[in-house]
Amino acid sequence: MPILEKETARDQGSQVLPKVPVPPLKQTLDTYLKCVQHLVKEEQFKKTKAIVEKFGAPGGVGEVLQKKLVERRDKTTNWVYDYWLEDMYLNNRLALPVNSSPVMVFPKQTFRDQKDALRFASRLIRGVLEYKALIDTRALPVEFARGQLAGTPLCMEQYYRIFTSYRYPDLKTDSLKVHAASSAPEHMIVACKNQFFVLDVVANSKQLSETEISSQLEKIVKMSENAEERLPPFGILTSDGRTEWAQARDALTKDKTNRDSLALIESCICVVCLDEPSGLEANDTNRALLMLHGGGREKNGANRWYDKSMQFVAGMDGICGVVCEHSAFEGIVLVQCSEFIMKYITGSPSEMVKSSSFRELPPPRRLLWKCNPSIQGLLSASGDRLQRLVNNLDMDVFKFKIYGKEFIKKQKMSPDAFIQVALQLAFYKCGRRLVPTYESASIRRFQQGRVDNIRSATAEALAFVKSMTDERVTYTDSEKMKRLRDAINAQTNYTIAAITGMAIDNHLLGLLRIAKDLNMEKPEIFCDETYLASNQFILSTSQVPTTVEMFCCYGPVVPNGYGACYNPQSDHIMFCMSSFWENTQTSSVVFVKALNEGLLEIRDLCNRSSAAATKPAESSQAAGQPRKSGK
Ligand code: COA
């Protein structure tokens, strides 16, 4: 769409995006049954089928709720937005690190000394300010869909929350607040040695230059080294469960000093964390772990403020990246912002070399906290819980170097669908079953669109993985290839349905929440064991591609699950597998081994099949029904 290419977000109002549709009720219920049939026992499925049929029967509860949902669609900009936000994030009581906040891991930086590291941090801050200027003037170019159904414009709203939102903890449901653009903040919070400082980025109506920022950061480091003025590590409270943090916050706000400090953090542009050297080898897995949880209270776990949407980490040992509070925007927005900043850091000449303007500025202020024995107890309990999370996270960052998107495209297959099927194969190899799987699908083609779910554990994927692993029956290559193509087609079709607003998860959530809004008894379909199990995403996956050397990762969403974030490149694929050590059924290293094996087996299958296709006589021999093996 060349005419729209130069359009910026400022103009987007001129071409209003469509509203998220409400799929037909019957379509969703049929798809739901299809998604769960092969994942539950036969008896259980019969029960579920009867419940679903009753729900969807003419004149049944489903029809009433569907009608109300369509009314809601007409009355609101996006009927699912609030329901989804609460269900996905705000109602979740788990701690933000590992369980919710994704991170970007930058390439390892090499700093000559601390001054050099602070220079990097100053450039990073300048990069943030440049990006923020694009947002403030609504000058970001409108993005267009790539990949499947490419070309349509995408909703840009998420970008306008990057530097203006804050997630407040509460006892039952958190709240995500977004400042009005007119009250745009002009300060950042810098965390250093668990102390927090206010860095004003504007002085006398003029933004600070790189040299001025660097000088301010040096003052911050110096102040943080003064042991006499050092305050307890209050940031650790934000790493706790949301209810625990809400209770602690209530205790803090009884004191005016604490209220003032909180207000300054809650209204900042972003947090910049100057981390102490971790003492760990800076390999991909360790950098991912340190970004996800800071290494616990003994390392940089308290040098964070997890409620704030963007925390930029500049470690003195070169371990750098971004920690993102997820409720305001998706990983794709995080990637765009991170890439802009990284390109700014590496691509433009340092302002310092140009000896940019320098003003002698007053030192940044340290945020003060009032502590008492009860708050001291809360800090210590939060630290203990973070330590448990740190000890529990089993992470394995795996770069699969044998092939990437190009090989898959040559097979005339969707790379994303191919990778999803490979993940199913790996899971099956580890546990001899498939489980409810989540893949995020962007619905930014619609107004205020966020995501819906592609349920990747399809019946077709199960048939394929069985054909690849069954030791009793030997399947011919052509049979396996047919199953592979069926699995990839099923996955691709689900993807297309999801990105066009026709997936089932948001719709079912909408029906459930409408029933609640109407004070109706919870419909049986939502109390059913199958529904509850189908929402435990043991495999939680997401494609987060980058164009600059960096990668995204996150933790599992259930105790017995895996997080699988992948970044397909033309000649390799990066996988970040996470799980919990406390669960004996999962192991990231075992999963990675199975994944590597599966990806090679699928490649060999494709190669053998194309070779056979070019030799018709031999290939006809290979075709036919599966044969019983001798075993
Ligand atoms: N033969 C050859 N090439 C094919 C193909 C086929 N059968 N099918 C697809 N391709 C090509 C596409 O044209 C595309 O080409 P490009 O690299 O030139 O753009 C490329 O392969 C990738 O397409 P595909 O692998 O099908 O996936 P996609 O890019 O459409 O991505 C989703 C699918 C679901 C990941 C995407 O729609 C999405 O929603 N992304 C957002 C995920 C998200 O929100 N993540 C963050 C969560 S916090």
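Trainee: At roughly what angle do the axes of helix H15 and helix H19 cross?
Mentor: Happy to start there, keeping in mind that this is a predicted model. Two packed helices are described by the angle between their axes and the distance between the axes. For H15 (residues 477-499) and H19 (residues 588-614), the axes come within 10 Å. The crossing is left-handed, and its angle is roughly 115°.

Trainee: Which residues of H15 meet H19, and how many of the residues in contact are nonpolar?
Mentor: On the H15 side you'll find Asp-477, Lys-480, Met-481 and Leu-484. They meet Ile-602, Leu-605, Cys-606, Arg-608 and Ser-609 in H19. By class, this contact has three charged residues, one polar, and, for the number you asked about, nonpolar residues numbering five.

Trainee: Nice. Moving to aromatic rings, what geometry does the pair Tyr-32 and Tyr-531 have?
Mentor: The count comes to 20 aromatic pairs. In the pair of Tyr-32 and Tyr-531, the ring centres are 6.4 Å apart. Their planes stand at 70°, and planes over 60 degrees apart count in this class, so the pair is edge-to-face.

Trainee: Is Tyr-531 buried or exposed?
Mentor: The cut-off for burial is under 20% relative accessible area. Tyr-32 has 1% and counts as buried. Tyr-531 has a relative accessible area of 10%, so Tyr-531 is buried.

Trainee: What geometry does Tyr-531 have with Phe-526?
Mentor: Both Phe-526 and Tyr-531 are buried. Their ring centres are 5.0 Å apart. With the planes at 75°, the pair is edge-to-face.

Trainee: Which Arg lies over the face of Tyr-83, and at what distance from the ring centre?
Mentor: There are two such cases to look at. Arg-138 lies over the face of Tyr-160, at 3.9 Å from the ring centre. For Tyr-83, the residue over the face is Arg-72, at 3.8 Å.

Trainee: Which helices and strands do the buried residues of H4 pack against?
Mentor: In helix H4 (residues 81-90), the buried residues are Tyr-81, Tyr-83, Trp-84, Leu-85, Tyr-89 and Leu-90. The buried residues of H4 pack against strands E2 (165-168), E3 (175-178) and E14 (451-454), along with helices H3 (61-75) and H16 (505-517).

Methods: Residues are numbered from 1 along each chain as its sequence is written. This is a predicted model: local features need pLDDT of at least 70, side-chain atom pairs count only at pLDDT 80 or more; totals for chains, interfaces and linings use all residues. Side-chain values use heavy atoms; hydrogens and water are left out. Axes are lines fitted to C-alpha atoms, for helices over the stretch in contact, and angles run from 0 to 180 degrees between N-to-C directions. Helices (H or I, at least four residues) and strands (E, at least two) are DSSP runs, numbered from the N terminus. A crossing is left-handed if the near helix is turned anticlockwise from the far one by less than a right angle, and right-handed if clockwise. Contact means heavy atoms within 4.5 Å. Ala, Val, Leu, Ile, Met, Phe, Trp, Tyr, Cys and Pro count as nonpolar, Asp, Glu, Lys and Arg as charged, and the others, Gly among them, as polar. Rings of Phe, Tyr and Trp (its six-membered ring) pair if their centres lie within 6.5 Å; planes under 30 degrees apart count as stacked, over 60 as edge-to-face and the rest as tilted. Buried means under 20% relative accessible area, exposed over 50%, partly exposed in between (1.4 Å probe, protein chains only). A charge sits over a ring if NZ of Lys or CZ of Arg is within 6 Å of the ring centre and within 35 degrees of the ring normal.
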